[in-house]
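Please read the points alongside the model.

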Amino acid sequence: MSELIISVSGLRGIVGETLSPNVVINYAAAFAQSLEDGPIVVTRDGRATGRMLADAVCSALCAMGRTVLDAGIAATPSTGVLVRKLHAAGGIQISASHNPPEYNGLKLFSHAGRVINAKSGEAVKAAYTSGNFAWAKHEGIGATVDYQESTAEHLQFVLATVDVEAIRAKAFHVLLDANQGAGSILGRELLSALGCEPTVLGGDADGQFEHPAEPTADNLVDVARTVADSAAIIGFCQDPDADRLAVIDENGRYLGEEYTLALCLDHVLSTRQGAVVTNCATSRMSQDIAEKHGCEFHVAPVGEANVVDQMLAHDAVFGGEGNGGPIDPRVGYVRDSFVGMALILDAMAARDMPVSALADELPRYAIHKTKVQVARDEIPVALDRMESHFTDATANRMDGLRLDWPDRWLLVRASNTEPIVRLIAEADSPDAAVALCDAGAKVILAK
């Protein structure tokens, strides 16, 4: 990545290269300038560079005249809960999510405890680009206050969504792979509160990842083997800031991140009716499940902020992204691995079934992802060419180009940082998904 990535709700980069202390200070100042009066919560995900960047963020916020509530290492969804609990004007989580150790970044939260939306993000970006900040005078400099209790409120919200006693009665042996990330802190507390016998891998939140940070099948081969060998009833695998969750069944089978949302959704809708929102890159499993339960289903552009916007617009009872990020409004409008763990354990206890059986009941599709190199100025024409070629599909330009058929779909989106387009296809078999991506790539590359 040769450029700093600035998204709807934050930024990411390589520390010491694209992400420097000056960038962090100016971006934090731009964010503070966009907020109403009040304190600002600061947290971090445990990466080795987190403390250094937190010091820079806190310094910038104090220089903007703000009181800073430094809650130390915490999961991203816990940050959202803290912002609401402490009646803060906003929050900053220092994290690069699933990126490698050399990366870090800032994720911005509004006073509502959700990541900021696109309009707010554009305002912060404009202020950052301008470089004009209203630094406080001597008598108006803020102060940093250490806040030690970062998990209690979040834990209680999660527990309130499930039948705690039913789960406790099962005394599940659970393996949690926190991979040296922030999730180990609340993860242990949650599993203990649910009466589970937890085995925790990577339980020190120091950012020294034991395997690549993204919880994909290739990165979790050893963890899957450990789940099977340890006789755990389920394996939960978090990304470093614990807003994403992948699931491994009791046999060591990687179910993945798409199944996290689907399993939670099927369980929630069995007792609560209402609208559902996912992003346009999420498996059709979620749509099938919503329709099975007679619930409205809505699609948003990729990105947590976009999903949350649509959830609020439709008063959704549940939502999320297929990257392992369930969003339960009862806990907060943030992707939340702890919500995923609690709801899946609740489903297993309620139906007295292992997660393998619950997963096997769900609709089964195959997803394939690839990318094609295309010059940036040629991408609009390439998308037009695709839409003209696949005339038997329903086209949607909500986010790039999505083409839908009754039994498959193809999404084509331009990268924010590279001259490429990414293709994601889902079909009823791996071969069909690969073939759809290949057909799309062929049309894109045709001149």
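1. Ile234 lies in strand β10 (residues 234-238), strands being DSSP E runs of at least two residues, numbered from the N terminus. The model is predicted: local features need pLDDT of at least 70 and side-chain atom pairs count only at pLDDT 80 or more, while totals for chains, interfaces and linings use all residues. Residues are numbered from 1 along each chain as its sequence is written, and side-chain values use heavy atoms, without hydrogens and water.

2. Ile234 has 0% relative accessibility and therefore counts as buried (under 20% relative accessible area, 1.4 Å probe, protein chains only). Beyond its neighbours within four places in sequence, its contacts (heavy atoms within 4.5 Å) include Val174, Val247, Ile344, Leu345 and Met348.

3. Ile234 is among the residues that touch the most other members of the largest nonpolar core, which has 53 residues; such a core is a set of buried Ala, Val, Leu, Ile, Met, Phe, Trp, Tyr and Cys residues joined through side-chain atoms within 4.5 Å. Helix α12 (residues 337-351) supplies the largest share of this core, ten residues; helices are DSSP H or I runs of at least four residues.

4. The axes of helices α5 (residues 152-159) and α7 (residues 183-193) come within 10 Å and cross at roughly 40°, the axes being lines fitted to C-alpha atoms over the stretch in contact and angles running from 0 to 180 degrees between N-to-C directions. In α5, His154, Leu155, Val158 and Leu159 meet Leu186, Glu189, Leu190 and Ala193 of α7.

Terms used
Buried means under 20% relative accessible area, exposed over 50%, partly exposed in between (1.4 Å probe, protein chains only).
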